[in-house]
Amino acid sequence: MYQKVILTGNLGKEPELRYLPSGQAVTNFSMATNRSYTDSNGQKQDETTWFRVSVWGNQAEAVNQYLQQGSRVLVEGRLKPDPETGGPRVYERNDGTYGASFEVTANRVVFLTPKQDGRKAQPEEDIPF
């Protein structure tokens with residue numbers, strides 16, 4: 001069996017790098033994907049889906065170095081279900097409404113935000129993993 005997800009979206013906050021006791025690097029970041037559509041009543045609807053992404057090894061260090069909140073990325077990886085429910089992680093927002101986030105373990109991260117003055121530099125191609 002095999003699964004693969006491909007997502008494009010924007011980082012919701014700054015990536016967070018940490019090192020495991022083994023020395024292995026891991027970076028976590030949140031990512032939002034957006035979809036606009038017209039419903040059956042002719043009203044424009046916007047839909048945002050959040051993903052929590054984990055990146056390992058050399059790619060983890062590159063993501064932490066080059067990406068920041070708002071950066072546009074393409075992520076290839078696999079979904080990791082919530083161990084308790086087998087689905088996405090459900091949480092309550094500050095306003096009392098509920099949301100869900102999906103966990104993704106990335107195999108590949110492609111930086112899509114062009115390099116701009118005053119921002120972190122972007123590599124010109126994928127970082128090997």
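**Exercises on a predicted model**

Of the 129 residues in the protein chain, 32% are buried (under 20% relative accessible area with a 1.4 Å probe, protein chains only). The model is predicted: local features need pLDDT of at least 70, side-chain atom pairs count only at pLDDT 80 or more, and totals for chains, interfaces and linings use all residues. Residues are numbered from 1 along each chain as its sequence is written, and side-chain values use heavy atoms, with hydrogens and water left out.

**Exercise 1.** State the order of helices and strands along the protein chain.

*Solution.* Begin with the count: the protein chain has 1 helix and 7 strands (DSSP runs, H or I of at least four residues for helices and E of at least two for strands, numbered from the N terminus). Then read along the sequence, which gives β-β-β-β-α-β-β-β.

**Exercise 2.** Describe the largest nonpolar core and where its residues come from.

*Solution.* A nonpolar core is a set of buried Ala, Val, Leu, Ile, Met, Phe, Trp, Tyr and Cys residues joined through side-chain atoms within 4.5 Å. The largest one has 19 residues, and Phe29, Val53, Val55, Val73, Val75 and Val109 have the most contacts inside it. Next, assign elements: β1 (5-11), β3 (25-38), β4 (44-56), α1 (57-66), β5 (72-80) and β7 (98-111) each supply at least two residues of this core. The largest share, 4 residues, is from β7.

**Exercise 3.** Locate Gln59 and say whether Gln59 is buried or exposed.

*Solution.* Gln59 is in helix α1. Its relative accessible area is 2%, so Gln59 is buried. Finally, a polar atom of the Gln59 side chain lies 2.9 Å from the backbone nitrogen of Val109.

Terms used
Buried means under 20% relative accessible area, exposed over 50%, partly exposed in between (1.4 Å probe, protein chains only). A polar contact is a pair of N or O atoms within 3.5 Å; within protein, one must be able to donate a hydrogen and the other to accept it, and residues adjacent in sequence count only if both atoms are side-chain atoms.
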